[in-house]
2 protein chains.
Amino acid sequence: MTTLEQSAAEQQGNRASTTERRSLLLRALRDVAGFEQVRDDPLTLDRYARSTSARSTAPLAVVYPDSAQQVAALVKIAAQHQVPVYPISTGKNWGYGDACAVTDGQLVIELSRMNRILSVDPTLAYAVIEPGVTQQQLSQYLLDHRLDLWIDCTGAGPDTSFMGNILERGFGHSPYGNRLQHVAGMTVVLASGELLETGFGHYPNAQATHLFPYGVGPFLDGIFTQSNFGIVTRIGIWLMPKAECLNHFICSVPRHADIGPVVDALRPLRLNGTLRSILHIGNDLRVISGGRVYPREQAGGQRPLPSQLRAELRESAGIGAWTVSGALYGSTLQVAAARHALRKALKGMAAESTFLTERKLKTGAMLARLLGNSAAGKRLRAKVALGESLFAMNRGIPNGRFLAGAYWRRRGGLPADFPRNANPAADNCGMLWVSPIIPMRGADLLALHAMAEPVFREHGFDLFVTFSMINERTLGGVITVAYDKDDPAEVERARQCYRNVFDRCMAAGYIPYRVGNQSMADLDPHGDVYWKTVARIKAALDPDGIIAPGRYQPDKAGES
Amino acid sequence: MTTLEQSAAEQQGNRASTTERRSLLLRALRDVAGFEQVRDDPLTLDRYARSTSARSTAPLAVVYPDSAQQVAALVKIAAQHQVPVYPISTGKNWGYGDACAVTDGQLVIELSRMNRILSVDPTLAYAVIEPGVTQQQLSQYLLDHRLDLWIDCTGAGPDTSFMGNILERGFGHSPYGNRLQHVAGMTVVLASGELLETGFGHYPNAQATHLFPYGVGPFLDGIFTQSNFGIVTRIGIWLMPKAECLNHFICSVPRHADIGPVVDALRPLRLNGTLRSILHIGNDLRVISGGRVYPREQAGGQRPLPSQLRAELRESAGIGAWTVSGALYGSTLQVAAARHALRKALKGMAAESTFLTERKLKTGAMLARLLGNSAAGKRLRAKVALGESLFAMNRGIPNGRFLAGAYWRRRGGLPADFPRNANPAADNCGMLWVSPIIPMRGADLLALHAMAEPVFREHGFDLFVTFSMINERTLGGVITVAYDKDDPAEVERARQCYRNVFDRCMAAGYIPYRVGNQSMADLDPHGDVYWKTVARIKAALDPDGIIAPGRYQPDKAGES
């Protein structure tokens, strides 16, 4: 028995003493963080127990420190009380567990008050930030200070933590979209309460801490991503210099099977550096679900979407079976060279390419005004609005509209003020993500699609899927199970559908790049040396298992 | 006392038993690797004890396994006999310790027989290789199989291990020059004898093991670089697609101080992705030392090089105080756009830019033939030869000529067959490298130069220095102390000069990205949390300290 298990057993045997211990713990936490910054009222506990997943967990309490020193002190107290802690940045890990720990009863340490932008260097193009800094905040800071620097954005919404996404190895859209490659110098609170500086940061007076990630000696940063080895409280991130010229490339592929050759035609351009940003390839439903919810009435109770209705929605959105979308950054000449290369590569393909430019958008907006409230005017206006969101996103200005997919099957549809304050977990959205990595080949994309599609159909779900050119050689698939959380039967079907697709992906060797809490226990089906090694490092750095037990730790994740 | 120290103490007390144990060990090793593959004859031991450093160490024996399974078996035997092992790929870590372990008496495991190119995927542009695969071998393989793929080369010579350099976090010249960013999927023999597969490699049937480095869960690859946590026996490396167009950019800066503004003018182009490859900025002596050795007679016994003579050499090489050199890769349009951007950035600078093209080189070669053996003909021929080597290097064809600097002060000058079989350690070259990382700013380059230059002068050495644009925000400085190993006084001065510059760099916060054996002990002057963390991981993965004690392990590195 571990000390934690022991303590759990003792607690079961003695309820009174549990209450006593709990109040001792809370008092100690409050001594460090302040009375108001430790909460265990039912409302708070309920809020943190919400998840887009069918399965959520309840925290013991939530504490809001405002410095690394406080975090260190809290971790020490938790260790003394043998209570595990679950650090979150802002807790908006939508679709992957949200703010929930992997198991019940962990003390959530939310770092949202640590939201300082500690420095921005305009010459060397980097920022040093804390976990609470949101995409929106950093983006706005750069605008307010008139700095010619852009951030990489994700579609997860303006209020999500920049650092949190990096530590989960999320990806964005820009040339800096492979985010972990644009990080240097972390500060990490260890389970011992010590503060670790990675890279060169532990040398006094180091000049390149946030410029050169590797430092000297073993390069540790990677082990603090998708792990529970420490609590990162500061990170250096690189910023993109503003591009002289920006074009948005959109390629529409009318027929399903034709996406294969398009992927194969684009791959060489990603490999040779012509496409430096992360292109996204979405199916029709992925695009449609970005603009509206499930047409419940038109579908007359049917699930999934009847194919006739799907064809109509596709038609009225003016899209094909697949849409490829991504930005070209550079000087005017460089962007022109990239356009030339793209046109050449796609020549003769069953696909239609467009390059959105700022000028085209302006012209479109003007034309839409002239067309007024006619059907054509409305359609053009919607297209211009989407184009403007894409351009803003490419320039590092985040937008909540790309979260709409989470609301697809939600009973109430999109909230009235969407996308303002969009919060899929709080809004009771049902959403699960399977995110397999596949080789960047048309055949793999089609194979994965063919594997998932019938499973979705059988379970009554609409398959949304995006494949992102996450690096030069792979596509990161994001397959969404969007479901109605108010329908218990659908919740159960969603769980089965997710599980079925997850298992098929694993069997096919299309391993996910990231998983939700519900799948942590399934990451080590064979008891292999990789996970043994991870367990040994965990034991070395956190012998009492205080930090986030179960998080990317299959043997402590409980039942799947 | 650790078990190793204990064993050392016991050995001192009992010579006879030491000999007995040694022969037991050798017998056990031979049972695994074969009789011929375990050597402890004086010639072998002497060969492995050679180093360009003043301080070298002697191995216990050398063993040459030919599979990961053999490596695992050898490690287990070594653990049973409480003898540390020192894995090397081909042992050509010139200037950083060569084939030598950090301390005496380690069993060298040389992996040069494991030189299989296990697979090359022309579509997804990667190779899976073993540690013994050399730059030359991989380059030749791609040529032989007429694959349109190039490797990234270093100047360390054709016979150096590709993987070895990556594990030391070396860098090359091309867009793939930041080598660790172009690696996916390692196989590592652990001290336990287990085989660890990183990334997705530990999942059966994984499709993206060598395409997506991170895998799922903690990303471990970084901890097996510059470390002694395991023995990497296989690695996936990414290959560059052949570029449609290649230009080599050379920029000559006549006066020393003018390199500052040139760096500041080039930085935005590196930051915005116009310069995708690693530009190298060398001072006059770095360039001169690439073509000849120290002009002993002309200098009339003086050291360092008298300034008049230096000016003459500079003049006859046709170079300025600084030379910037690097390649542009892409389509014809992309390279033209990059040339345009470079010209614009350098307009009005006190610097002269040239773009070498294949056509220019051909014309130059023809002209040189016409000029015959005239002085102008010879000079042009030398320039053409250098240009051709640079072009070959950019295309991934390695060349030994860039090793010439190591021979600068060698008594016998360059060997007759140089660069064939060049081996600075065996050839008794004296060379030490200090390799600080500095922010990519002209002021930092000038500050570091101003710090090192007087130290070199006082100690009688010629300051060669290169600054490489190792990533988008830093310069990797390589400062060479080239000395005469046959002159004991000069050896001692070299050691002092090295140490002095090393200490000044550390104090200024210009921390080295990599160090030689002689500086391992100096990496942790303050006993900080980073090195404590490294020690904890080491203890978790290699509790008996069997693998390469002292290597990036300051507290086990002995006296500095």
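In strand 4 of chain B, B:Leu107 is the bridge partner of B:Ala61. This is a predicted model, in which local features need pLDDT of at least 70, side-chain atom pairs count only at pLDDT 80 or more, and totals for chains, interfaces and linings use all residues. Residues are numbered from 1 along each chain as its sequence is written, chains are lettered from A and ligands numbered from 1 in the order in which they are written, and side-chain values use heavy atoms, with hydrogens and water left out.

**Sheets**

Strand 2 (residues 61-63) and strand 4 (residues 107-110) of chain B run parallel and are joined by three bridges. Strands here are DSSP runs of E with at least two residues; helices are runs of H or I with at least four residues; both are numbered from the N terminus. Two strands pair if DSSP finds at least two bridges between them.

The chain B sheet is open and has four strands in the order 1-2-4-3, with mixed pairing. Its edges are strand 1 (38-39) and strand 3 (85-88); each has a single partner strand, so one side of each is left without a neighbour in the sheet.

Chain A also has an open sheet of four strands, with the order 1-2-4-3 and mixed pairing. Strand 1 (38-39) and strand 3 (85-88) of chain A stand at the edges, each with a single partner strand, so one side of each lacks a neighbour in the sheet. In chain A, four bridges join strand 3 to strand 4 (residues 107-110), and these strands run parallel. Within that chain, A:Pro87 has A:Ile109 of strand 4 as its bridge partner.

**The two copies**

Two copies of a chain are related by a rotation about an axis and a shift along it. Here, chain B superposes on chain A by a rotation of 180° with 0.0 Å of shift along the axis, at RMSD 0.0 Å. The two copies are thus related as by a two-fold rotation axis. Both copies use the same surface: 100% of the contact residues of chain B recur in chain A. Contact means heavy atoms within 4.5 Å. The superposition is by least squares on the C-alpha atoms of residues with pLDDT of at least 70 in both copies.

Two packed helices are described by the angle between their axes and the distance between the axes. Axes are lines fitted to C-alpha atoms, for helices over the stretch in contact, and angles run from 0 to 180 degrees between N-to-C directions.

| Helix pair (chain B) | Angle | Axis distance |
|---|---|---|
| Helix 13 (residues 442-458) and helix 14 (residues 488-508) | about 160° | 10 Å apart |
| Helix 7 (residues 259-271) and helix 13 | roughly 145° | within 7 Å |
| Helix 11 (residues 358-371) and helix 12 (residues 375-394) | roughly 150° | within 9 Å |

Helix 11 of chain B is therefore roughly antiparallel to helix 12 of chain B. Angles over 145 degrees count as roughly antiparallel. The crossing of helix 11 and helix 12 of chain B is left-handed. A crossing is left-handed if the near helix is turned anticlockwise from the far one by less than a right angle, and right-handed if clockwise. By class, the contact of helix 11 with helix 12 of chain B has nine nonpolar, three polar and three charged residues. Ala, Val, Leu, Ile, Met, Phe, Trp, Tyr, Cys and Pro count as nonpolar, Asp, Glu, Lys and Arg as charged, and the others, Gly among them, as polar.

Helix 13 and helix 14 of chain B are likewise roughly antiparallel to each other. Their crossing is right-handed. From helix 13 of chain B, B:Leu448, B:Met451, B:Ala452, B:Val455 and B:Phe456 take part; helix 14 of chain B supplies B:Cys497, B:Asn500, B:Val501, B:Arg504, B:Cys505 and B:Ala508. That contact holds nine nonpolar residues, one polar and one charged.

Helix 7 and helix 13 of chain B make a right-handed crossing. B:Ile259, B:Gly260, B:Val263 and B:Asp264 of helix 7 meet B:Gly442, B:Leu445 and B:Leu446 of helix 13 in chain B. Four of the residues are nonpolar, two polar and one charged.

**Backbone exceptions**

Most residues other than glycine have a negative phi, and most peptide bonds are trans. B:Gln82 is not a glycine, yet has a positive phi of about 55°. B:Gln82 sits in the loop between helix 4 (68-80) and strand 3 of chain B.

A:Phe418 and A:Pro419 are joined by a cis peptide bond, with omega about 5°. A:Pro419 belongs to the loop between helix 12 (375-394) and strand 16 (430-434) of chain A. Another cis peptide bond joins B:Arg303 and B:Pro304, with omega about 0°. B:Pro304 lies in the loop between helix 8 (284-288) and helix 9 (307-317) of chain B.

Conventions
Parallel < 35°, antiparallel > 145°, perpendicular 65-115°, else oblique.
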